[in-house]
Amino acid sequence: MRNMANKILILFCLIVLTFYSFSQNNCNQKFSSYSSAKKYVETSSFQFKDETDCSESSWIREAKFYSCDSKFGYFKFKTDYKTYIHEKLPISIWYQFKNASSKGSFYNQFIKHKYRLVCDL
């Protein structure tokens, strides 16, 4: 009887782990266009989401970070003209960006041309 209970417990754990792994986002998505990336980032469920106040920036209007694993993620920011998305940005860079005295200067020095920008092909 105890052996049967152990088998049921193991089966239950396997089912839960399988469901959990399928419910997690895959942060290694390949996008065919900027619009598909933007839609994915804006509508998906992520393990970690964060945003920062950009009211003091002269050109960055909004900045958000989305991550599947709390290590790397998508960095999305808006200007007056467009929304940009960088992928595979380390969370440590996000926190440094959040704490930067100048968001625009930090972006230009530490993010721009260093992390892949998602754009139309």
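## The chain as a whole

The structure is a predicted model, and its chain contains four helices and five strands. When these elements are read along the sequence, they follow the pattern α-α-β-β-β-β-α-α-β.

Of the 121 residues of the chain, 36% count as buried. The chain exposes about 8,300 Å², and carbon and sulfur atoms supply 56% of that area. Among the contacts with a separation of 6 or more, 45% are accounted for by residues 24 or more positions apart.

## The five-stranded sheet

The strands form an open sheet in the order β1-β2-β3-β4-β5, and their pairing is antiparallel. The edge strands are β1, residues 48–52, and β5, residues 117–118, each of which pairs on one side only. As background, the strands of a sheet pair through backbone hydrogen bonds, in either a parallel or an antiparallel way.

Helix α2, made of residues 34–43, packs on this sheet and touches β2, β3, β4 and β5, while its direction makes about 65 degrees with that of β4.

## How neighbouring strands are joined

Going across the sheet, β1 and β2 pair in the antiparallel sense over five bridges, and here Glu51 stands opposite Lys64 in β2. The next pair, β2 and β3, is antiparallel too and is joined by six bridges, with Glu62 standing opposite Lys78 in β3. These two strands form a hairpin that has four residues between them.

Strand β3 is also joined to β4, residues 83–90, by six bridges, and the two run antiparallel. In this pair Phe77 stands opposite Tyr84 in β4, and a hairpin connects β3 to β4 through four residues. How covered is β3? Five of its seven residues are buried, so that the strand is described as mostly covered, under the cut-off that buried means under 20% relative accessible area.

The largest nonpolar core has 16 residues, and the members that touch the most other members are Ala63, Phe75, Leu89, Trp94, Phe97, Tyr107 and Ile111. Two or more residues of this core come from each of the elements β2 (62–67), β3 (72–78), α3 (91–99) and α4 (103–111). The largest share, four residues, comes from α3. Apart from this core lies another one, of 12 residues, among them Phe31, Val41, Ile85 and Val118. In soluble globular proteins, nonpolar side chains tend to be buried together.

Which residues does Trp94 contact when its neighbours within four places in sequence are left aside? Trp94 is then in contact with Asp50, Glu51, Thr52, Ala63, Lys64, Phe65, Phe75 and Leu89.

## The buried side of helix α4

In α4, the residues Lys103, Gly104, Phe106, Tyr107 and Ile111 are buried. These residues lie on the same side of α4, because they cover an arc of only 160 degrees around the axis. The elements that cover the buried residues of α4 include β1, β3, β4 and α3.

## Two residues with positive phi

Ser70 lies in the loop between β2 and β3, and Ser70 has a positive phi of about 60 degrees although it is not a glycine. Is Ser70 buried, partly exposed or exposed? With a relative accessible area of 29%, Ser70 is partly exposed.

His113 follows α4, and its place is in the loop between α4 and β5. His113 likewise is not a glycine, yet its phi is positive, at about 70 degrees. With a relative accessible area of 76%, His113 counts as exposed, a class that requires a value over 50%.

Key
Residues numbered from 1 in each chain as written. Predicted model: local features only at pLDDT ≥ 70, side-chain atom pairs only at ≥ 80, totals over all residues. Heavy atoms only, no water. Core = buried A, V, L, I, M, F, W, Y, C linked by side-chain atoms within 4.5 Å. Buried < 20%, exposed > 50% of the residue type's maximum accessible area, 1.4 Å probe, protein only. Contact = heavy atoms within 4.5 Å. Pairing = 2+ DSSP bridges. Axes fitted to C-alpha atoms, helices over the stretch in contact; angles between N-to-C directions. Arc of directions from axis to C-beta. Areas by Shrake-Rupley, 256 points an atom, 1.4 Å probe, with all protein chains shown as cover.
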